[in-house]
Amino acid sequence: MTTNVFRGTIPALMTPCRPDRSPDFDALARRGRALVDAGMSAVVYCGSMGDWPLLTDEQRMQGVERLVAAGVPVIVGTGAQNPARAAALAAHARKAGARGLMVIPRVLSRGPSAAAQQAHFEAILEAAGGLPAVIYNSPYYGYETKADLFFRLRERHANLVGFKEFGGAAALRYAAEHITSRDASLALLVGVDTQVFHGFVNCGAVGAITGIGNVLPREVLQLVSLCEAAAAGDAHARRKARELEEALGVLSSFDEGADLVLFYKYLLVLEGHREYELNFNATDELSASQKRYAEAQLRLFKDWHAAWSAGECLTRRGRHGAAPGPPSRNPLACRSFLRIVRANNAKASWKAGAARKRKLAEAAGFFVCAPAGTCRGAATRAGEPGSRRMDQRQATLESLIQPTVEGLGYELVRVVVSGRHRPTLQVMAERVDRAPMTVEDCEAISRAISAKLDVEDPLPEAYTLEVSSPGIDRPLVKAADYARFAGHVAKMECREPVAGQRRFTGRILSATETTLLLATETGEVELPIPAITRAKLVLTDELIRAAQAGKVTH
């Protein structure tokens, strides 16, 4: 029974309203899709954040169907006024293609009865027909699920694969000590935004269901990434995670109050999501003072986060805790960087030499790739001594790194190991939405990769990890890269001569999965893409203008 859907960062979606205060399912699907594209592993729909008590069962089912149709992995909340309705919602979730269930206790009638709760849970798990499920434990529902009941249910229902705990630090500790530590296959999820660090680091949580993540998805993804790294023993990540969680403290604490939906909808409006202006009940609205407080806290956090991120050294050497003697097999240094300069009004003649163009591009706010061979030693080329071992090592590293990078919502561009005595592991990545990469993006990737590599230990020597965007004059690695940058100038090298030469510079005219058509100074040439060993864009006037206009990301 897979628990993958319950891992990572999972926002609990709110339901936007139309002007007539009916559910806006178009906006719901768009928001769910945007959050997953930003790096969330799934969404919860119709937990408390989704206003399930204010929706009909038919509306809730329609919301699930729309999210599934949009390609959003959905975990469905089963809250209902009676067990039969809860079981029907579970059966619908399975039929509609949901990825999991969040099983909510019986409310209003016989809530304190353990026997009633067991029958309620069993009806839902049975109706789920094998759909993976977690118990949602919260004191607000008037009943706390303890280990004895949980394991009685699990004996009969293998699809019960985890436990979501909303009740705070002590409750998380209980769940870790008495439930998930008893069976390593079980997933513990942090259910309240104020306890993410404690849940991951001290209790072994593997997922976080978040409210504030609707408003600040990148920052919450960053927090979870830091907590995962801290849980793997990264002291630097531990300190940064505590700082970030503390700064988020007030915004996260809205998750604990009765007005949580009102607060997070209002914060979304402040972030430009006007579809969240209304609530289903016209009288459900924050007071003027609550709005001013929420706005001030959001502004305070964002100002702090900008300063905190800028203050983080862009070229970092951390985790130097090794004792004197031979280097540790684990990485002794971690470096992430992205050069961002906000002087976007730079004006100059672009008819300069390559070095001047590079400086001008950087002044215009773009990261420019270092020339080959300048970054702590050039990578071994194919055909040179030792290249087969290098290729195998890079392939192994890529297989380890790619799922981690993609799981955060980024696309891996390339992995390169360069240098011999203290090699550099260079990881290039870009956002799937093609927005410019930021320092925060690089740091999130760096922390997640560090945690993964610390566990897998794929390199026998000490090394430097370097994470960056591909830059404006980016490498071209996949066949899709050539098609994406058609019209721009690139230079490349082939494994074997084509038309009597191995190196080419020219304008990309078109590309298929296997063939590239290039316009060179001597005419058009057709190159087999599998034969190209290295390629990159050339920094030209057109490329810089395209990047300034947002047509080319960097």
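Modeller: I shall begin with strand β4 (residues 100-103): G100 and M102 point to one side of it, L101 and V103 point to the other, and all of these residues are buried. Buried stands for under 20% relative accessible area, exposed for over 50%, and partly exposed for values in between, using a 1.4 Å probe and protein chains only. Strands (E, at least two residues) and helices (H or I, at least four) are DSSP runs, numbered from the N terminus. In a regular strand, side chains alternate between the two faces of the sheet.

Two remarks on the source are needed here. The model is predicted, so that local features need pLDDT of at least 70 and side-chain atom pairs count only at pLDDT 80 or more, whereas totals for chains, interfaces and linings use all residues. Residues are numbered from 1 along each chain as its sequence is written, and side-chain values use heavy atoms, with hydrogens and water left out.

Consider next the partners of β4. Strand β3 (residues 74-77) pairs with β4 in the parallel sense, over three bridges; two strands pair if DSSP finds at least two bridges between them. L101 of β4 is the bridge partner of V76. Between β3 and β4 the chain passes through helix α3 (residues 83-96), and this β-α-β crossover is right-handed. Right-handed means that, with the strands pointing away from the viewer, the path from the first strand over the helix to the second runs clockwise.

β4 also pairs with strand β5 (residues 133-137), again in the parallel sense and over three bridges. Here M102 stands opposite V134 of β5. Helix α4 (residues 114-127), together with β4 and β5, forms a right-handed β-α-β unit.

Leaving aside residues up to four places away in sequence, L101 touches F6, I75, V76, T78, A90, A93, I124, A128, L131, P132, A133 and V134. Such a contact means heavy atoms within 4.5 Å.

A nonpolar core is a set of buried Ala, Val, Leu, Ile, Met, Phe, Trp, Tyr and Cys residues joined through side-chain atoms within 4.5 Å. The largest one has 112 residues, and L101 is listed with Y45, L251 and L267 as having the most contacts inside it. Helix α11 (residues 260-270) makes the greatest contribution to this core, namely nine residues. Another core, of 23 residues, lies apart from it and has V498, I508, A535 and I544 among its members.

The buried residues are V196, F197, H198, G199, F200, V201 and C203. They pack against α6 (169-180), β7 (187-190), β8 (207-210), α8 (217-231) and α9 (235-247). After α7 comes G204, which has a positive phi, near 75°.

Helix α12 (residues 288-311) contains K291. K291 is partly exposed, at a relative accessible area of 24%. Not counting residues up to four places away in sequence, K291 touches Y266, E285 and L286. From K291 to F263 the separation is 28 residues in sequence, and 7.9 Å in space, C-alpha to C-alpha.

Loops show a further feature of the backbone. R21 is not a glycine, yet its phi is positive, about 65°. R21 sits in the loop between β1 (8-11) and α1 (25-37), and is partly exposed, at 29% relative accessibility. A499 likewise is not a glycine and has a positive phi, of about 55°. Its loop runs between β13 (489-498) and β14 (501-511), and A499 is exposed, with a relative accessible area of 73%.

Finally, the whole protein may be described. It has 17 helices and 17 strands. Of its 554 residues, 54% count as buried. Among contacts with a separation of 6 or more, 69% join residues 24 or more positions apart.
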